[in-house]
Amino acid sequence: MIIVNDLKPGTAFENDGNIYQVINVDHNKTAMRQMIIKVKVKNLRTGVINEISFTGGDKVEQAMIDRKQMQYLYDDGESLVFMDMDTYDQIEIPKDHLEWEMKFLKENAVVNISMYENEILGVILPDKVELQIVECEQAVKGDTATSASKNAVLETGLEIKVPLFIQNGETVIISTADGKYSGRA
């Protein structure tokens with residue numbers, strides 16, 4: 001059990017049958033009443049971010065989130081297949097649970113899978129990934145009046161904006177937090 005006064009960003013806990021990860025904690029203490037602790041959390045099963053209020057001294061159950069390094073093998077149409085690189089066991093995660101992550105996964109990529117008591121919660125992507133451009137508009141000289149970027153399609157199907165000097169076939173670095181161009185590889 002954890003006292004809510006001790007919650008910090010990144011801590012995982014269980015409350016009302018849900019598993020949450022703390023994003024931010026706000027302590028509010030006035031002279032006339034008990035401390036109110038507002039915790040901004042992300043539901044690890046659904047991905048929904050909301051705020052929960054506790055009174056000082058309340059307790060929650062700590063959730064031990066396991067991370068296992070696995071290799072992404074392939075897309076079988078309904079789910080994505082990952083393999084444990086130590087035991088060669090394969091697991092399948094439904095595509096509808098990984099809509100955002102699929103934009104950054106290419107075959108044979110090594111990622112971390114988060115689990116809670118053998119329940120798969122999701123895929124933890126690296127901060128940045130390298131992806132190749134498969135389709136890119138041609139830049140026109142003097143075409144910088146409004147915006148110095150053009151559209152490009154990556155090998156995973158993700159569409160992004162890139163600077164004019166990027167060419168078809170180049171490998172670029174993409175931020176997995178917002179899906180934007182971060183630099184050349």
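Contact here means heavy atoms within 4.5 Å. Keep that cut-off in mind for the whole tour. The model is predicted: local features need pLDDT of at least 70, side-chain atom pairs count only at pLDDT 80 or more, and totals for chains, interfaces and linings use all residues. Residues are numbered from 1 along each chain as its sequence is written, and side-chain values use heavy atoms, with hydrogens and water left out.

**Stop 1: Tyr20**

Select Tyr20. Leaving out residues up to four places away in sequence, Tyr20 touches Thr11, Ala12, Phe13, Asn15, Val41, Lys42, Asn43, Leu44, Asn50 and Ile52. Tyr20 sits in strand β3, residues 18–28. Helices (H or I, at least four residues) and strands (E, at least two) are DSSP runs, numbered from the N terminus. Tyr20 counts as buried because its relative accessibility is 8%. The cut-offs: buried is under 20% relative accessible area, exposed is over 50%, and partly exposed lies in between, with a 1.4 Å probe and protein chains only.

Now show side chains. Those of Tyr20 and Asn18 make a polar contact at 3.3 Å. A polar contact is a pair of N or O atoms within 3.5 Å; within protein, one must be able to donate a hydrogen and the other to accept it, and residues adjacent in sequence count only if both atoms are side-chain atoms.

**Stop 2**

Step to Asn15, in strand β2. Asn15 is buried, at 17% relative accessibility. Beyond four places in sequence, Asn15 touches Tyr20, Ile52, Phe54 and Val60.

Is Asp16 buried or exposed? Asp16 counts as exposed, at 71% relative accessibility. Check the backbone too: phi of Asp16 is near 55°, a positive value in a residue other than glycine. Most residues other than glycine have a negative phi. Asn108 also has a positive phi, near 70°. Find Asn108 in the loop between β9 and β10.

**Stop 2: the cores**

Select Phe82, Ile113, Val123, Ile133, Leu154 and Ile174. These have the most contacts inside the largest nonpolar core, which has 26 residues. Such a core is a set of buried Ala, Val, Leu, Ile, Met, Phe, Trp, Tyr and Cys residues joined through side-chain atoms within 4.5 Å. Color the contributing strands: β7 (66–75), β8 (79–84), β9 (90–94), β10 (110–116), β12 (128–136), β13 (149–154), β14 (159–163) and β15 each supply at least two residues of this core. Which strand gives the largest share of this core? That is β12, with four residues.

Zoom on Ile133. Its contacts beyond four places in sequence include Ala152, Val153, Leu154, Val162 and Ile166. Another core lies apart from the largest one; it has 13 residues, among them Phe13, Val25, Val41 and Val60.

**Stop 3: Ser79**

Go to Ser79 in strand β8. Ser79 is buried, at 6% relative accessibility. Its side chain makes a polar contact with the side chain of Glu92, at 3.3 Å. Setting aside neighbours within four places in sequence, Ser79 is in contact with Tyr74, Glu92, Ile93, Pro94 and Lys95.

**Stop 4: Ala177**

Select Ala177, in the loop between β15 and β16 (181–184). Ala177 is exposed, with a relative accessible area of 71%. Beyond four places in sequence, Ala177 touches Trp100 and Asp127. Draw a line to Phe82: the C-alpha atoms are separated by 22 Å, and the residues are 95 apart along the chain.

**Stop 5: zoom out**

Show the whole chain. The protein has zero helices and 16 strands. The C-alpha trace spans about 70 × 50 × 25 Å along its principal axes. The radius of gyration is 21 Å, whereas a compact globule of 185 residues would be near 16 Å. That radius is taken over C-alpha atoms, and the globule rule is 2.2 Å times the number of residues to the power 0.38. Of the 185 residues, 37% count as buried.

Finally, color by pLDDT, the predictor's confidence in each residue, from 0 to 100. The protein averages 86, and 96% of the residues score at least 70. Confidence is lowest in strand β11 (residues 119–124), at a mean of 85, and highest in strand β15 (residues 171–175), at 91.
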